[in-house]
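Welcome, and please open your viewer. Let's take a short walk, one selection at a time.

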Amino acid sequence: MKLEGYPKDFLIDLYRRMVLIREFDLRAVTARQQGLIPGFIHPSEGQEAVAVGVCAALNSDDVIVSNHRGHAHHIAKGGDVRTAMAELAGRETGDCHGRGGSLHVANFRIGNIGANGIVGGGIPIAVGAALAFQYGGEARVAVAFFGDGASNQGTFHEACNLASLWKLPVVFVCENNHYGEGTAQARHMAIERIANRAQAYGMPGVHVDGNDVLAVFEASKVAVERARSGLGPTLIEAETDRLCGAYEGDPQYYRSKESVEILRQKCPIARLRHALLESHISTEDEITVYHLDAKTKIDEAVDFAGKSPLPDPKQVNRWVYVDSHQGKVF
Amino acid sequence: MREMTYAQAIREALAEEMRRDKNVFLMGEDIAIFEGAFGVTGNLWKEFGLERVRDTPISEAAIVGAGVGAAIMGKRPVVEIMFGDFLPVGMDQIVNQAAKARYMSGGKVSVPLTIRVTTGATGAAAGHHSQSFEGWLIGIPGLKIAVPASPEDAKGLLKTAIRGEDPVIFFEHKRLYGMRGAVPEGDFTIPFGKARLVRRGKDVTLIGISGMVPTCLEAAEELQREGVDAEVIDPRTLVPLDRDLILESAVKTGRVVVVQEAHSRGGAAAEIAALIAEHAMDWMNAPILRVGARNVPIPYSPVLEQEVLPGKEDIIAAVRKLF
């Protein structure tokens with residue numbers, strides 16, 4: 001991993017963000033086991049470099065559409081870990097006032113226009129956001145995050161075709177963690193290189209090491225620039241590894257513990273940490289402080305979530321429609 | 001008052017809304033150069049250009065999904081699904097995305113998306129081009145469902161749909177496209193949740209949905225000759241539903257037949273019948289009846305199709321059972 005040419009603060013910020021995401025996800029697992037989080041969650045342990053590398057290439061008014069494994073995207077785009085944890089805990093103070101939960105974290109202010117519970121469901125929506133930008137003459141970009149499994153959905157193919165046809169400012173980011181839930185890639189598609197699917201739609205397909213945050217950042221920068229300048233979409237396949245279950249509680253019968261331990265050696269956080277030390281950008285002590293800071297932030301987030309009020313059941317009808325037509329819609 | 005067809009009224013609504021608001025644009029299969037599979041969009045593309053009247057690939061999920069995304073970002077897309085039968089291809093984007101974005105984001109997102117879709121049978125189009133799916137969608141909180149049955153209603157309700165903040169599925173009955181009727185001059189809207197009293201009567205209430213409204217009227221005229229004075233109500237929107245007018249009429253006549261072209265099992269007619277049973281049972285002088293298509297795929301051969309689809313005679317036969 002080559003760090004030359006990058007500002008020190010930028011590199012440290014990438015590291016801190018990945019650590020914050022890791023800490024968030026690990027603590028969410030504990031919080032769920034302890035009963036604070038009532039629903040299911042899909043942590044991103046091992047995949048943090050994709051979210052962080054892509055979002056580092058975006059402006060604050062660019063938008064992302066996330067998927068079921070979305071905490072990382074949300075935090076990487078600038079999401080507040082306190083309101084995100086409160087959302088997971090189903091609290092009124094959550095980003096979506098407890099109406100969405102882990103699979104539906106959205107916050108317009110930071111440009112996360114919605115995670116999704118349907119595999120592949122968000123991809124056409126990102127294309128629609130990009131269409132709105134092009135239609136309005138705005139130099140903004142939309143990113144769709146999805147997995148290898150989603151790239152088998154019709155929505156992916158329809159969205160790619162439409163975006164490329166209309167040269168929309170969208171970047172398709174496929175986080176290939178080699179499993180569609182519990183089914184290995186070789187058992188769910190006939191090809192190895194998902195980036196090659198871009199050829200079918202007349203757009204660039206780029207394969208990057210998704211565990212190298214700088215490689216992801218560089219590929220994203222090119223794709224975002226291309227999108228912003230009106231040349232159309234790019235498909236980025238970021239090859240990465242999920243170090244945890246598909247969801248919290250996944251017994252992972254489909255792979256051995258040993259195989260996961262081997263994958264751990266590719267951990268993107270350990271990799272950047274090593275590079276930061278090697279290049280004398282950070283000391284061991286400084287890195288310890290980054291981790292402690294993240295822990296403190298997540299402690300506060302869990303505390304905030306736990307102390308936050310639950311939503312008022314009398315308000316359950318709120319937000320189904322913009323108005324209720326004197327109750328006639330219910 | 002001037003007269004125009006249902007299709008012309010829809011086109012006029014689209015044109016006026018596009019002139020009024022630059023955020024309104026159209027997307028759909030063959031709606032521009034081809035001028036619409038049923039000619040509804042016509043030459044709109046000549047006035048508004050191909051950026052605002054967009055031909056799309058045949059990709060219902062992407063069409064609806066792109067509409068959702070553009071709506072979330074503040075545009076007011078009107079997308080067309082050529083046949084209601086193709087709604088299932090884009091159903092995830094309707095049911096799981098458009099309908100729920102506002103609620104699940106805690107009110108942070110609006111989806112001002114109008115999905116225009118043709119519905120109903122026109123003769124020998126068989127099971128993939130003849131169905132009526134409004135009944136599926138009334139059970140999805142977050143969606144509004146419009147079923148206009150006159151040129152004036154088509155125009156006024158479509159304008160309300162486009163100006164509203166919620167996703168609307170706007171069912172246009174193919175058989176009504178050529179129907180002529182009076183349409184007021186100038187800008188007007190018709191509110192959702194207000195039914196139309198189509199014909200006043202005192203002996204029985206016929207509640208017709210979409211293409212069944214004119215059929216109910218024909219049945220009412222014939223029943224008049226038998227001495228039965230039928231009231232005809234068109235709900236105009238199924239969500240929100242004008243419970244007040246429906247219940248008022250049911251209480252007044254004590255006899256109700258709810259008529260839909262959709263398969264009779266599990267449809268909007270069942271929902272309306274249940275509403276009356278829940279709130280007006282004590283005033284009923286006879287069972288509440290439903291008339292709908294037989295629960296068989298719409299067949300191709302006209303002799304079979306006629307057997308399956310509801311018609312005037314089925315309505316009259318149902319009414320006779322009530323006396």
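Here is the tour, stop by stop.

**Before you start.** This is a predicted model, where local features need pLDDT of at least 70, side-chain atom pairs count only at pLDDT 80 or more, and totals for chains, interfaces and linings use all residues. Residues are numbered from 1 along each chain as its sequence is written, while chains are lettered from A and ligands numbered from 1 in the order in which they are written.

**Stop 1: two helices in chain A.** Two packed helices are described by the angle between their axes and the distance between the axes. Select residues 8-33 of chain A, helix α1, and then residues 284-307 of chain A, helix α11. Helices here are DSSP runs (H or I, at least four residues) and strands are E runs of at least two, numbered from the N terminus. The axes of α1(A) and α11(A) lie 9 Å apart, at an angle of about 40 degrees. That makes the pair oblique (under 35 degrees is roughly parallel, over 145 roughly antiparallel, 65 to 115 roughly perpendicular, and the rest oblique). Now show the residues that meet: among them are A:Tyr15, A:Leu20 and A:Phe24 in α1(A), and A:Tyr290, A:Ala294 and A:Ile298 in α11(A). Contact means that C-beta atoms, placed from the backbone, lie within 7 Å. By class, this contact has nine nonpolar, one polar and five charged residues (Ala, Val, Leu, Ile, Met, Phe, Trp, Tyr, Cys and Pro are nonpolar; Asp, Glu, Lys and Arg are charged; the others, Gly among them, are polar).

**Stop 2: a helix in chain B.** Select residues 312-321 of chain B, helix α12. Which of its residues are buried? They are B:Ile315, B:Ala318 and B:Val319. A residue is buried with 20 or more other C-beta atoms within 10 Å of its own, exposed with 12 or fewer, and partly exposed in between. Looking down the axis of α12(B), the buried residues fall within an arc of 100 degrees, so they line one face of the helix. B:Glu313, B:Arg320 and B:Lys321 are exposed on the other side. The buried residues pack against elements of chain B including β10 (204-208) and α8 (212-225).

**Stop 3: a loop tyrosine.** Select B:Tyr300, in the loop between β14 and α11 (302-308) of chain B. Because B:Tyr300 has 14 C-beta neighbours inside 10 Å, it counts as partly exposed. Leaving out residues up to four places away in sequence, B:Tyr300 touches B:Ala124 and B:Ala126.

Key
Axes are lines fitted to C-alpha atoms, for helices over the stretch in contact, and angles run from 0 to 180 degrees between N-to-C directions. Two residues are in contact if their C-beta atoms, placed from the backbone, lie within 7 Å. The arc is that of the directions from the helix axis to the C-beta atoms.
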